[in-house]
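Subject: Structure handover

Hello,

Here is the structure I said I would pass on, with my notes below it. Please read the notes with the model open.

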Amino acid sequence: MLGDFLELSLTTADMLASLEFYRKLGFHEASVVGGWRHPYAVMSDGRIHLGLHKREPQDPALSFVLPELRHKLAGFEALGIEFAHTSIELHHFNHAGFDDPDGARVALLEARTYSPVHESQFAPSLCGYFLEYRLPVRDVAASARFWESLGLIVEAQAGTDYAQASWGGINLGLLQAGGRPRPALVFENDDLEAAAALLEMRGLAPHSGPEGLRVVTPEGMELLLRPPV
């Protein structure tokens, strides 16, 4: 129902600083193909694609490509979804957005905004193998039902406060958490000691914790590098 995953859209105040940060991690720049009027770039490791938007501050958004978008909004509204914004006009780049029950933003775009890339095109980044975009939620079961209603395939882990929802090229880790923890991009890295040394060498300031290494991006996104389970 959501279409294919395009990117995790992030707002950057300094495009050059963001590009340099991801290059140091080993991400590569994809070729953008238009659509937005503001400065825009995409950095990718072949599995996770990060759209960098220089515009007014916005929360990170899971962006999906849904052709013929204007004809499909009614289906979302039938599920009780209220759109936070819609921009639907003939001969324009149409897009719309809404929030999940925990405030995570979802963006629907009628067309791609960069050329497709695949992990086989790139060498692995310092982060390792991308696993999921982790979302803190108040109620795992309720969150799972929401994403399942949008067509994602949900796998719950019995006896835990965690489930994973997947579709169209993205895995969402739904983790029940109190307070206001930030979302995180989670990677599996089989040599955290070497990764920490390289991150330090490149001035990326990793922090060690019980789950692994954490790095904060210029846009405020958290990267978690964890050992294989």
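The model has an open sheet of 8 strands with mixed pairing, in the order S2-S3-S4-S1-S5-S8-S7-S6. Its edge strands, S2 (28-29) and S6 (85-87), each pair on one side only. Helices (H or I, at least four residues) and strands (E, at least two) are DSSP runs, numbered from the N terminus, and two strands pair if DSSP finds at least two bridges between them.

On the source: this is a predicted model, in which local features need pLDDT of at least 70 and side-chain atom pairs count only at pLDDT 80 or more, while totals for chains, interfaces and linings use all residues. Residues are numbered from 1 along each chain as its sequence is written, and side-chain values use heavy atoms, with hydrogens and water left out.

Strands S3 (residues 40-44) and S4 (residues 49-53) run antiparallel and are joined by 5 bridges. Within this pair, Ala41 stands opposite Leu52 in S4. Helix H1 (residues 15-25) packs on the sheet and touches S1 (4-11), S2, S3 and S4; contact means heavy atoms within 4.5 Å. The direction of H1 makes about 10° with that of S3 (axes are lines fitted to C-alpha atoms, for helices over the stretch in contact, and angles run from 0 to 180 degrees between N-to-C directions).

Met15, Ser18, Leu19, Phe21, Tyr22 and Leu25 of H1 are buried (buried is under 20% relative accessible area, exposed over 50%, partly exposed in between, with a 1.4 Å probe and protein chains only). These residues are on the same side of H1 because they cover an arc of only 160° around the axis, the arc being that of the directions from the helix axis to the C-beta atoms.

Asp14 caps the N-terminal end of H1, with a side-chain oxygen 3.2 Å from the backbone nitrogen of Leu16. Just after H1, Gly26 takes a positive phi of about 100°.

Thr12

Thr12 is in the loop between S1 and H1 and is buried, with a relative accessible area of 4%. Its side chain makes a polar contact of 2.7 Å with that of Ser18. A polar contact is a pair of N or O atoms within 3.5 Å; within protein, one must be able to donate a hydrogen and the other to accept it, and residues adjacent in sequence count only if both atoms are side-chain atoms. A polar atom of the Thr12 side chain also lies 3.0 Å from the backbone oxygen of Asp14.

Cores

The largest nonpolar core has 57 residues, of which Leu2, Leu62, Phe98, Leu108, Trp147, Leu172 and Leu185 touch the most other members. A nonpolar core is a set of buried Ala, Val, Leu, Ile, Met, Phe, Trp, Tyr and Cys residues joined through side-chain atoms within 4.5 Å. H1 gives the most to this core, with 5 residues.

Helix H4

In H4 (residues 192-201), Leu192, Ala195, Ala196 and Leu199 are buried. They cover an arc of only 100° around the axis, so they are on the same side of H4. Glu193 and Met201, on the other side of H4, are exposed. The buried residues of H4 pack against H1, S15 (213-216) and S16 (222-226).

Regards
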